[in-house]
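Please read them with the structure open beside you.

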Amino acid sequence: MVDGERLTFRLMGLNNQNFIMEDEQTGSWWQQVSGEAVFGPMKGKSLELVMSDEVAFEIWKREHPESTVLLGTEERPERDFDESMERLTEYGLPMEPDPDDELTQRALIIGVKLEGQSKAYPVDVLVEQNPVIDQLGGVPVLMVVARDDKSVRGFDRRLEGETLELFMKPDTEGPLVLVDSQTGSEWDFSGQAISGPMAGKRLTKIPVLKEFWFDWKIYNPDTLVFSAGL
Amino acid sequence: MRRPLTILLVLVTLAAVLTIAASLKAEHRMSPMVAQTMDSLALNYEFDRWSPLWARGLLAVGLVVLAAAWWRGRGEWRWKSYLGATFSALALAGAVAATHVYRVEVMLFKPLSEIAYVPISEYEHDDASDGPVMGVAIGDEARAYPVQTMIYHHIANDIVGGQPIVATY
């Protein structure tokens, strides 16, 4: 929805592996990554970002048992998911690697943008240090990876005037459990406190985007990179 | 008598050559890994606005007809006949280049013709082939978009919790 008008989109083309879509109502072209109209009558307008997750099917099912699942309308090619991902990486890259980069161009990162600041969290660093507590744009953030080492979520660590520091509860079976050192409450992967003084409370999710490093850098040239051991 | 026809032919040829050039340029936007500047994208956008497929088709057909008329009239000069044939070939190449762009688009991207979904408990999920899901929860409605399905369709215009959204991958 933009300015009270409901738009529907179709794919127009690809640029740096990030696509341009066209709305059928005004014919404007929109950049996928930013949701911003780059050409046409809507130029300069932005789509509002809807909070979304990219998580394992089982996690979503556990948290949203009432959810529905989109069906493809045409026969989707039978293909292994990892194979699909590999096919994506077979394309050449749009630019030469930057020698100053500590990350490879195809490194998977979690991109976060808050208060005008962007930061890339390499997935393997997040997995290793899970969870990561950090600051971005003045916001205390928490980055946490689920047991599958793939599903990542980000949260604002501020709740009811407190800034929480969270750690992994060791030796737990099943889904991961975090503990905060301020109240000793226990938290699950959805950001909800499951026991302790904070029980029932929820951390606010922040938008995260799983991306290749090179692509994130194109659209966020001033991005910071989170590095291990800080 | 012949002169206006010749001038017209030259103009249409020029237009056809431009069309071919622009078509080939426009094809670049289909190439996933070609870095494009905002300028070249702007050119694509303008090209797309001003030359829908029917206009390009018409141009190509018109060129062939004109070239044929010109060729017949100037049959006495053989080299001009060859020139006429070249124009026709150019026109055909232009038409092919122009339609090619659109065909690639339809071939690569299968748009969802309708949004259909099932309760998550009934969805047959195969972790190896489906991969993760993109999940959206608005109000009391939650929807999961399997990434594998989205890699194939890329765009889903949907309504979740009463709010129109577009899910993209």
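**Notes on the two chains**

1. Chain B contains 6 helices and 5 strands, where helices (H or I, at least four residues) and strands (E, at least two) are DSSP runs numbered from the N terminus. Read from the N terminus on, the elements of chain B follow the order α-α-α-α-β-α-β-β-α-β-β. Chain A, by comparison, has 4 helices and 20 strands.

2. This is a predicted model, in which local features need pLDDT of at least 70 and side-chain atom pairs count only at pLDDT 80 or more, while totals for chains, interfaces and linings use all residues. Residues are numbered from 1 along each chain as its sequence is written, and chains are lettered from A and ligands numbered from 1 in the order in which they are written.

3. On confidence, the predictor assigns the complex an ipTM of 0.76 and a pTM of 0.68. The average pLDDT of chain B (pLDDT being the predictor's confidence in each residue, from 0 to 100) is 68, and 40% of its residues score at least 70. Over residues 27–35 of chain B the pLDDT stays under 50, and for this stretch the model has 28 contacts beyond four places in sequence; a contact here requires that the C-beta atoms of two residues, placed from the backbone, lie within 7 Å. Where pLDDT is low, the predicted coordinates should not be read in detail.

4. As for burial, 36% of the 230 residues of chain A count as buried, and in chain B the buried share is 33% of 169 residues. A residue is called buried if 20 or more other C-beta atoms lie within 10 Å of its own, exposed if 12 or fewer, and partly exposed in between, with C-beta atoms placed from the backbone. Among contacts between residues at least 6 apart in sequence, those joining residues at least 24 apart make up 40% in chain A and 56% in chain B.

5. Which strands of chain A make up the open sheet of 4 strands? The order is β9-β10-β11-β18, with antiparallel pairing, and two strands are taken to pair if DSSP finds at least two bridges between them. Because β9 (132–136) and β18 (204–206) of chain A stand at the edges with a single partner strand each, one side of each is left without a neighbour in the sheet. Neighbouring strands of this sheet are turned by 40 degrees against each other on average, direction ignored, the axes being lines fitted to C-alpha atoms (for helices over the stretch in contact) and angles running from 0 to 180 degrees between N-to-C directions. Strand β11 (residues 152–156) of chain A and β18(A) are joined by 3 bridges, and F155(A) has K205(A) as its bridge partner in β18(A).

6. In chain B, strand β4 (residues 155–160) and strand β5 (residues 163–168) pair in the antiparallel sense over 6 bridges, with I159(B) standing opposite P164(B) in β5(B). These two strands of chain B form a hairpin with 2 residues between them, and G161(B) in the turn has a positive phi of about 55 degrees.

7. Several loop residues of chain A deserve a look. M198(A), in the loop between β17 (193–195) and β18, is buried because 22 other C-beta atoms lie within 10 Å, and, not counting residues up to four places away in sequence, M198(A) touches T183(A), S185(A) and A193(A). A cis peptide bond, with omega about -5 degrees, joins N130(A) and P131(A), and P131(A) is found in the loop between α3 (123–129) and β9.

8. Positive phi values in residues other than glycine are found at D149(A), near 65 degrees, and at E160(A), near 50 degrees. D149(A), in the loop between β10 and β11 of chain A, counts as partly exposed because it has 14 C-beta neighbours inside 10 Å, whereas E160(A) is exposed, with 8 other C-beta atoms within 10 Å.
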